[in-house]
Amino acid sequence: MSTATNGWHLDEELARRYAENRVPGMLATSVEQHLASCPACRALLRPAVPTARLAAVWAEVLERVEAPQVGVLERLLRRAGLDEPTARLVAVTPLLRTSWLAGTTLVLVLALLAAETGAQAVALFLVLAPMLPVAGVALTFGPAADPAHEIVAGTPYSPVRLLAVRTLVVVSSTFLPAGMAAALLPVDVGLALAWLLPALTLTVGTLALSTQLTPHVAASTLGIGWVSVVLYGVARHDPFLAAAPVVQLACLAGLALAAAVLLFRSHDLAEILRRIP
Amino acid sequence: MTTTTIHATGLVKAYGRQRALDGLDLATGTGVTGLLGPNGAGKTTLLRILATVLAPDAGDLEVLGQDPFTAEGRRWIRHRLGYLPQDAGFHRGFTAFEAVDYVAVLKEHTETRFRHDEVRRVLGLVGLGDVAGKKVRALSGGMRQRLGLAQALLGRPELLVLDEPTVGLDPEQRMRFRDLVSEAGHGRTVVLSTHQTEDVAAVCSSVVVVNRGRVLFTGGVDELARQATGRVWVDTGRDPRALAAWRLGADRYHHIGEPPAGAHLVEPSVEDAYLLLVGPQSEASDGELRKREPA
């Protein structure tokens, strides 16, 4: 509008310099104000605008605004050396929050119980703590774990790798609170750590057994087995049987066996995972 | 010129005693192929097998020239596949962007910036660019359906398998979807299932009619419609001898079946031919016909 700008208009030279960002501040402000209301000058400016650069700038703006927020966990995983896609996959594993919640609940319940009853709380802890990651791993399969499960099944990402990533998530998010709970127990360190080896064995064992059975059956079988061992101890007035050297050694042997099975039969596991839907 | 990209012979898949696929044969190529059939005809089972997420009990299958029954073949196909399942779910706490980005990671788009650009591109294609930051739980049913379609379009797949893609879309979105799919079918393979014969007539270059786990018809859309030539007529009253009849407007009834002498024959549609093929005794067409009864 010429009234607003005293009849002043851009010439080609000024348009080009403006487009190349070579106009000093005050003059640039005047040019901007004028452009807002003068179609003729906008038309003059148009051919001088570097559209590719502007598109790149706009794409960058969108990327900053829309790209998913990188959370604390994802940043930690990246810093630990995990590649971006895998770190992303771990951070967005839908089960993460549930398993973390379950683990934390266990901590709170046991902390409360420990304050009240002592030895019984320890026995209960030895039953429950190793079962937590096993339940998590079993739930990692199928629609319960991920509503996009059917879509995921049609992607090229290796199901075994995906299972490994998710197991890592579940195990770390249940082991951490279980460890915290162990620290709260009114017993010596050896007894408080007695859950660790059975937990590892049952988790890896569930994966290994999943090469033969469906993961839910595998987890249930091992879970029932473990509860039976602890109950047998309770029946013989030995609530800490699970912490006995013989049980711990048996767990170690089981862990080695399960790891070996997993190493040699991962192809079968991929097939089982494929048949689940 | 279409080239054959899917070749299936004798596919069998049973769930208990129920045979979802009963020796199904199928050969289709580039372009858009529509699967038509009543509920329980085996469409979803067939699409899941084509999408490599389900293995048949018996039969041979070649997809994009590869064997989906080998691990390498499956991986090869999945790298070139876009799949929209019937009940495409997403974690409700994800944003629309995160939901598609999650699938993009699993499709092994490893370079972050390229992946994000691709996510934005497909969200834009389905008209969800403006709600990229909204949580899935806040999206409408139609928007979620389009989100499912967006993830299927990631990486411009050579093979698109879409199970009931137009469910939940309003008429305008359906038009937009037809444009999208027609474009996706240029030089690539799209297989979609639908209940809507109008969808088939609008976008499909070929049509496959499935019922009780078998293929009843394969061919062009016009070819299917022509099957009903001479078996569709309009009359002022309802003719009880017709296979099916429904009211068109004031005292005019559309009939399919064997016409009486001197009947006023009309040009058949894809729907007429489909109903003649599948028969009104089947579950879906029965419901369809009942719905059309005058009140």
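Buried here means under 20% relative accessible area, exposed means over 50%, and partly exposed lies in between, with a 1.4 Å probe and protein chains only. I start there because B:Glu108, at 26% relative accessibility, counts as partly exposed.

Some housekeeping. This is a predicted model, where local features need pLDDT of at least 70 and side-chain atom pairs count only at pLDDT 80 or more, while totals for chains, interfaces and linings use all residues. Residues are numbered from 1 along each chain as its sequence is written, chains are lettered from A and ligands numbered from 1 in the order in which they are written, and side-chain values use heavy atoms, with hydrogens and water left out.

Back to B:Glu108. This residue sits in the loop between helix 3 (96-106) and helix 4 (112-125) of chain B; helices are DSSP runs of H or I with at least four residues, strands are runs of E with at least two, and both are numbered from the N terminus. B:Glu108 is not a glycine, yet its phi is positive, about 65°. Most residues other than glycine have a negative phi.

With 73% relative accessibility, A:His237 counts as exposed.

Now chain A as a whole. It has 14 helices and zero strands. Of its 277 residues, 43% count as buried. Chain A exposes about 14,600 Å², and carbon and sulfur atoms supply 69% of that; accessible areas come from the Shrake-Rupley method with a 1.4 Å probe, and for residues only the protein chains shown count as cover.

One surface feature of chain A: A:Val57, A:Trp58, A:Val61 and A:Val65 make a nonpolar patch of about 400 Å². Patches are made of residues with over 30% relative accessible area and no salt bridge; like charges are joined within 9 Å, and nonpolar side chains (Val, Leu, Ile, Met, Phe, Trp, Tyr) within 5 Å. A:Trp58 belongs to helix 4 (residues 51-66) of chain A and counts as exposed at 54% relative accessibility.

Next, strand 8 of chain B.

As for its neighbours, two strands pair if DSSP finds at least two bridges between them. Strand 3 (residues 31-36) of chain B runs parallel to strand 8 and is joined to it by four bridges, with B:Leu35 opposite B:Val208. Strand 9 (residues 214-220) of chain B pairs with strand 8 in the antiparallel sense over six bridges, and there B:Val209 has B:Phe217 as its bridge partner. Strands 8 and 9 form a hairpin with two residues between them, and B:Arg212 in the turn has a positive phi of about 50°.

Last, the interface. Contact (heavy atoms within 4.5 Å) links 32 residues of chain A with 37 residues of chain B. The buried area is about 3,200 Å², 58% of it from carbon and sulfur atoms; that is the accessible area, with a 1.4 Å probe, that two parts lose on being put together, summed over both. Seven salt bridges are found across this interface, a salt bridge being a side-chain nitrogen of Lys or Arg within 4 Å of a carboxyl oxygen of Asp or Glu. B:Asp101 forms a salt bridge with A:Arg88, with the closest N and O atoms 3.5 Å apart.
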